[in-house]
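User: I'm new to this structure and would like to understand the words used for it. Could you take me through them?

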Amino acid sequence: MNFRRTLLAACAAVAALQFAPIVQAQTMTIKAADIHPAGYPNVVAVENMGKKLEAATKGRIKLQMFPGGVLGGEKEMIEQTQFGAIGLLRTSLGPVGTVVPEVNVFNMPFIFRDEAHMRAVIDGPIGNELLEKITNSPAKLVALGWMDGGSRSLYTKKPVRTPADLKGVKVRMMGNPMFVETMNAMGGNGISMGYGEVFSALQTGVVDGAENNPPSYFTSNHYSTGAKYYSQTNHLMIPEIFVMSKATWGKLSAEDQALVKKFAREAQMEQRALWDKSVAENTAKLKAAGVEFINVDTKPFYEATAPVRAKYGAQFADLMKRIEAVNK
Ligand code: GTR
């Protein structure tokens, strides 16, 4: 009798074990990450995408946001996304260029005429082609969509108006050799460093300046280190992207993948509206904090960076012609 009971209990335990993973597989929490703090347009747009996903799947798929670079710098977060420790990452295209070199065409200085041109390119066929290039590359990432990063300008402790003013000035650049070369060509000394290290590097004088868009310049507090001259060079207009780890993507059913794509498109559009508002608000905050916005003639900077476009652009000659031809 006892033996039968034990056997039955054992069978029940085996059955429970067999079913347990199936039950677990039905719900999934995707770890999302961003270098920016809570409330930043990109973070908000991804969080809202998560809420829509959760509602549409009746709680089967959830998204948990880790903002503020708590999971590391962008280089490290890209690596974590590649091996599946992060499910969804919003990052600048800058460091992505080191793992998918085909996207470096957008990382070149002065590749877009202005922000309207950049938006027309990323919203159109070229933008889609580049997303596909990321997805089809061996990088183990699925590119979901673009986000706006506006344009990057210089901020330094001394006013900069011409390339000559940058002589001997150490400027932090993002981790991609192209950016260091860009700064060197512009007349300064480019130093590559993660975003999280820039504040103390500015404070201690390891660098004399950096470059970014107004929302990043303000929310990072970099303006409070004495780097309060913001020279409107607009030398880089680097689109940002959000990508899913292929490991995470592969766990989703075709229907759930379609939902992710749909909400990703909406997140792209939502971020853009939030972005425009954020640029205006953060520009006003920077001015109120005593930052001096300097209008510079960008032509000498454009001309000085021609060798960088020539060096990196050779492989993208056709694509560059198509980008130029996009009318906006
Ligand atoms: C910001 C961008 C971040 C990060 C940062 C940086 O504009 O949104 O993704 O790339 O710049 O300078 O590292």
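User: How many salt bridges cross the interface of domain 1 and domain 2, by the rule?

Analyst: The rule finds one across that interface. This is a predicted model, so local features need pLDDT of at least 70 and side-chain atom pairs count only at pLDDT 80 or more, while totals for chains, interfaces and linings use all residues. Residues are numbered from 1 along each chain as its sequence is written, and side-chain values use heavy atoms, with hydrogens and water left out.

User: Where do the two domains come from, and which residues belong to each?

Analyst: Their bounds come from an automatic or database domain assignment. Domain 1 covers 2-102 + 113-148 + 239-277, and domain 2 covers 151-237 + 282-325. Their C-alpha centres lie 30 Å apart. Contact, meaning heavy atoms within 4.5 Å, takes in 23 residues from domain 1 and 17 residues from domain 2.

User: How much area do the domains bury between them, and what is meant by buried?

Analyst: Buried area is the accessible area (1.4 Å probe) that two parts lose on being put together, summed over both. Here that comes to about 1600 Å², with 61% of it on carbon and sulfur atoms. Tyr 40, Ile 126 and Trp 275 supply 24% of the area that domain 1 buries against domain 2, more than any other three residues.

User: Why is the aromatic pair of Tyr 40 and Trp 275 called tilted?

Analyst: Happy to check! Rings of Phe, Tyr and Trp (its six-membered ring) pair if their centres lie within 6.5 Å; planes under 30 degrees apart count as stacked, over 60 as edge-to-face and the rest as tilted. The structure holds 10 aromatic pairs. In the one formed by Tyr 40 and Trp 275, the centres are 6.3 Å apart and the planes make 55 degrees, so "tilted" is the word that applies.

User: What do Arg 90 and Glu 240 tie together?

Analyst: Their side chains meet in a salt bridge at 2.6 Å, N to O. Arg 90 sits in strand β3 (residues 88-92) and Glu 240 in strand β10 (residues 240-245), so the pair ties together parts 150 residues apart in sequence. Strands here are DSSP runs (E, at least two residues), numbered from the N terminus. The whole structure holds 16 salt bridges.

Notes:
A salt bridge is a side-chain nitrogen of Lys or Arg within 4 Å of a carboxyl oxygen of Asp or Glu. Helices (H or I, at least four residues) and strands (E, at least two) are DSSP runs, numbered from the N terminus.
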